[in-house]
Amino acid sequence: MTKFTFIDLFAGIGGIRLGFESIGGTCVFTSEWNDWAKKTYQANFGEETHFVGDIVPYPAEDVPNHDVLLAGFPCQPFSIAGVSKKNALGRPHGFECTTQGTLFFDVARIISAKRPKAFLLENVKNLVSHNGGHTFRIIKETLENELGYQVFSKVINGRHWVPQNRERIIIVGFREPVDFCWDNMTIPNEQRLMKDILHPENGTEQPQEPYTTSKGKVQLKYTLSDKLWKYLQDYAAKHKAQGNGFGYGLVDGESTSRTLSARYYKDGSEILISRGKKGNPRRLTPRECARLMGYDDTYIIPVSDTQAYKQFGNSVVVPVIKAVARIMKPHIEDLIERERNETHIDMKREANI
């Protein structure tokens, strides 16, 4: 594989990083402000000297040079202030005007300063419709018109790779024209079911401490109490009577789940595992959440259940990123080769002068 470097911004627990390591990339810089996410990230990738916290105050010029920028940036409201008003006040315009105060601005300023060959940005599906489409329009205009990149975007549902309905927008960009096409992405045909990620509880799985017992049974603490189960049933019945769709999501091994969210630690209501006649349903264990997001069982979970639920609820679906990385790979290689050839030509010209 052609070697290339990348930086990992708003890194979370490293799901996007795993995708680009799988195609030969080497991470040279990581930014993540949450200390618990940092603990999980470093437990899996090592104590790295290039790890920084909040990227907002970090100078762009101090970021190492890199081939690819990766960022799962949070979506924040964008300013609608007009350029003319900014000019009248003597303030900057362009992306500095329209994105300042948002975390996307920090992605844009680093792209502007370091000019990576390519980038991948990930966000929630609603980014497309946020603020009547204005937010996404500003992002695209910034990347294309202000920064000069060729941009491709697509909403992808993770259910093709894992048994979870999880739609996210992926934005891919290249510094120079390439013939990138989403149609080249391989999407599995096989339907993914919850039984693929659940603890079987039949003795065929090695104990997954601290989530299952020595006999492979899920620990009782993950089963809902009578009080919580009654509350969720009453809550769902009340909203159903009002014509609303609010309620818990009950699934079994033959199901596909709802989207795992960062609030899962509160009551687990969006994905409850039916235990049939055995009694009340249960939450997923953190290991099952990891599997639901496409992490394999070698992935270390060094934090509490509460923090783990938050982290996996905020994560990317790893095999989705791997699939996108694979179709980006030949274009990254092409741009690296172009740069090498241009450098070689420049060196020859200087030698002949």
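Here are a few notes on this predicted model.

1. Ground rules: residues count from 1 along each chain as its sequence is written. Local features need pLDDT of at least 70, side-chain atom pairs count only at pLDDT 80 or more, totals for chains, interfaces and linings use all residues, and side-chain values use heavy atoms, with hydrogens and water left out.

2. Have a look at helices H5 (residues 103-114) and H6 (residues 134-146), whose axes come within 11 Å and cross at roughly 5° (axes are lines fitted to C-alpha atoms over the stretch in contact, with angles from 0 to 180 degrees between N-to-C directions; helices are DSSP runs of H or I, at least four residues, strands are E runs of at least two, both numbered from the N terminus). The two are therefore roughly parallel, a label for angles under 35 degrees. Phe 104, Ala 108 and Ile 111 of H5 touch Ile 139, Thr 142 and Leu 143 of H6, contact being heavy atoms within 4.5 Å.

3. There are 22 salt bridges in the structure (a side-chain nitrogen of Lys or Arg within 4 Å of a carboxyl oxygen of Asp or Glu). Lys 125 sits in the loop between strand E5 (118-124) and H6, while Glu 167 is in strand E7 (residues 167-174), 42 residues apart.

4. Two backbone spots to check out: the Glu 209 to Pro 210 peptide bond is cis, with omega near 0°, and Pro 210 is in the loop between E7 and H7. Phe 10 isn't a glycine, yet has a positive phi of about 50°; Phe 10 lies in the loop between strand E1 (4-9) and helix H1 (15-21).

Note on methods: Angles under 35 degrees count as roughly parallel, over 145 as roughly antiparallel, 65 to 115 as roughly perpendicular and the rest as oblique.
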